[in-house]
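Subject: Structure handover

Hi,

Here is the structure for you to work with.

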Amino acid sequence: MVQAVIMAGGEGARLRPLTCDLPKPMAPVANRPIMHHIVALLRRLGVEQAFATLHYLADEVETYFGAEESAKAGHRLPDGAELGLRLEYAVEDVPLGTAGSVRRLMDRLEGTFLIISGDALTDLNLRPAIDFHKRSRALATLVLTRVVDPLEYGVVITDERGRVERFLEKPSAGELFSDTVNTGIYILEPEVLARVDPKRPVDFSKDLYPVLLAEGRLLCGYVAEGYWTDIGNLDQYLTANHDCLRGEVTVDLPGEQIREAVWVGENTLVHPAARVEPPVLIGHGCSVGPGAQVGPLSVVGDNCVIESGAAVEHSVVWSGTYIGQGTRIKGATICRHVVAKRNVTVNEGAVVGDRCLLEEGTAVMPRIRIWPNKVTEHGSKVTMSLIWGTKWPGALFGASGVTGLANVEITPEFAARLGAAFGAYLESGAQVITSRDSHHVSRLTKRAMIAGLMSVGANVLDLRIMPGAVARHMANISGAGGGVHVAVSPTDPTQILIEFFDGTGKNLDRAADRKIETIFFREDFRRAPLEGVGSLEFLGRTVEYYTEDFLNFVDADAIGRRKPKLLIDYAYGPLCLLMPLVLGRLGCEATSLNAFVDPTRAHEAWASREQQMGEMREVVRALRADMGLLMGSQGERFAAMDEEGEALVGDDLLLAFIELVLQDGGAGTRIAVPFSATSGVEEICERHGAVCVRTKADARSLMEAAGSDPALAFAADTEGGFIFPQFLPAFDAMLALGKLVELLSLTGQSLGEVRARLPQYFRARVQVRCPWEHKGTIMRRLYEENQAAPVEQLDGIKIQLDSGWVVVLPDVSAPLFHVRAESRERERVEGLVAQYAARIEELQGGL
């Protein structure tokens, strides 16, 4: 009897993500690896010895079939049935081609031998082909079959005696001359291998056979009867499973046939109220709950759980997968150890890779592929294949815009679609301002955004590298419909932040965010015709426009008379390109530090601002500067230092600014601050007869207040961001600095004198990790436990205590809580933060 060589080294790149962690021969078809079916076919043929050539993830094959030593002793399949043939392995470190890998076995091959692919599913009757080969005394016989679409295969023409006359590997449509194709199954004589060059990769069909044919050597072709598919793509993979269930290919289906076309494995429990519609194959150790539906045309792997009300139709589910209540899998492939929680929908042609977690309410759109180890958020709609990164967001927009890992989650493809969604949200032909920071990834992302905007007919006015505040100002004065600013995230240098703003310069409201998300996920774009594609214009004089408006808004004469002496650390941010010009026009004497753009260092400088301010102290004193300033990396925020080297950051800087703004005619003045800002704000407002408006803690809420309240004079957060709505309803560090210098110049005060009058409070903060699904429960429990005290629920909960207050705020973009406390007693504030952080952790432990 002939020996056999199983070609099992393929990666199966076209089957990814099925083959990310598994070689193609080990991809399960009807709950057994493809190669298992090939080995069973060889055994039925009477083959007693086979060799498997391995390369990609070779240990997966060896682990399943057993090592060579056990094979020689009589190998057993994992289900205990006798293989009945010796299986040995030849592992390639470097791919040698189909012929090159077999040549390594020439010393172990004796006489006529058979080559068969380990990653194609077939039940071809090979006995007549072997007999034909021997009768014809051919050097090589190619086993052939007829297919409907031969363009993806090697096409072969034979004469009436079966001699190969012509063959062509993967012909074009114009070269198509037959529907008879090469299956990759060959019957060869050993001398063929002597023609294989051992020094380079050699392929049978591409390299060796054309040479032999040109030399006039006898090559034959035999058209075999039976089923064959090379499972070359994901659709063919699903079809191969369905063909096994329909009986179109002869394979041994594992499990017991409990009724016609229904096979169920050992220890599987199917609830009497469940519906099993044939044909169906369910593995061992599974559980199918009441009201669940499995089938028709579905394969469920071993140790799977299908909860009540779930449905699996026309799909393949691999082993160890959990299908939650109400979840529907239709025409999809679900790989190993996937968790699909309640009410998940996976649509036709979609593929979910190993160990993915689909949170409750996730919808995976048709033909989407999700690579292994990915997580979706609650209620998310996956509309793009998720390859890089770890997470698909439930919502595009976070607190400040759209964020994600640079060139991993925020890819050029993603950015182009996002740009198209924003452009489709705006009126047709709208003008859109675009700008970015100096990082090359921001340039990549912005260009993709521009392509998307233009594709839906938006006209782009690009400012190139420009501070976000200047771009917002340009939108405000140009009549643009909105704008986009792309920059490295100020909180995480590995992420990109895409900020969207309207025609006034403030962030889009939540309703606009949701509309853009809907357009993005549904891909409901209005594609512009050729003549309607948007234009791209690079705007000049942007800096000049901003500078003139800036100088008209502040009292430049008052500043010029005082000639303040400033020390400014630009922290490698973009303001160093513009701010020295403006300060020079104001008559300021400014000394600059780190006044060059380096986006890789800008984030670190602002993140470690307390340390930076400490290093600045001695320089301020040595220069006898009126104040020192550390500018934020995005040009939206800053921290200050008075002439004595005392830092004013966060709430302290906020209080100083409010004191100055209200000092001259503060009665009736309206200001806005987040609800988590210090109680000192009310204390100063009460002294001056001003009105304090509290908003939610996010920047968008402050901008909305600044843009919607015409009587509002000033708004600020607790992170060094300030808004003067009459100039721009958005954060602008440069303008805020100008106003600070102006107010000090008009009153003749120093920043240190203002600081000395500020109310004294002590503050502390901490972050506590918490899973998304527990946030609501914990917030409810904290509210119930603190009803005896005054509690505000504008944003999170704010608990008023005799000695101060505590705020517990769920983060909108991350699985954590922010716990903040304030008190006039230093010791008390640390205790409050620790107390509530510990309580959150205790509540988590009980869930």
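This is a predicted model: local features need pLDDT of at least 70, side-chain atom pairs count only at pLDDT 80 or more; totals for chains, interfaces and linings use all residues.

Residues are numbered from 1 along each chain as its sequence is written, and side-chain values use heavy atoms, with hydrogens and water left out.

**Pocket**

The second largest pocket has a volume of about 1200 Å³. A pocket here is an open set of points on a 1 Å grid over the protein atoms alone, where a 1.4 Å probe fits, with protein on both sides within 12 Å along at least five of seven lines; lining residues have an atom within 4 Å of a point. Points are joined across faces, edges and corners, and the volume is the space filled by probe spheres set on them.

The lining counts 37 residues. Nearest the centre lie Gly10, Thr98, Ser117, Asp119 and Asp203. By class, the lining holds 11 nonpolar, 15 polar and 11 charged residues. (Nonpolar covers Ala, Val, Leu, Ile, Met, Phe, Trp, Tyr, Cys and Pro; charged covers Asp, Glu, Lys and Arg; the others, Gly among them, are polar.) Helix 4 (97-103), strand 6 (113-117), strand 11 (180-188) and helix 6 (204-214) each supply at least two lining residues. Strand 11 gives the most, with 4. Helices (H or I, at least four residues) and strands (E, at least two) are DSSP runs, numbered from the N terminus.

**Sheets**

Two strands pair if DSSP finds at least two bridges between them.

An open, mixed sheet has 8 strands in the order 14-15-18-21-24-27-30-33. Strand 14 (256-259) and strand 33 (369-370) are the edges; each has a single partner strand, so one side of each lacks a neighbour in the sheet. Strands 15 (262-264) and 18 (280-282) pair in the parallel sense over 3 bridges. Tryptophan 263 stands opposite leucine 281.

A further open, mixed sheet has 5 strands, ordered 44-43-45-46-47. Strand 43 (565-569) runs parallel to strand 45 (627-631), joined by 4 bridges.

**Strand 48**

Strand 48 pairs in the parallel sense with strand 49 (691-695) over 5 bridges. The chain crosses between them through helix 18 (680-688), a right-handed β-α-β crossover (clockwise from the first strand over the helix to the second, with the strands pointing away from the viewer). Strand 48 also runs parallel to strand 50 (712-716), over 3 bridges.

Best regards
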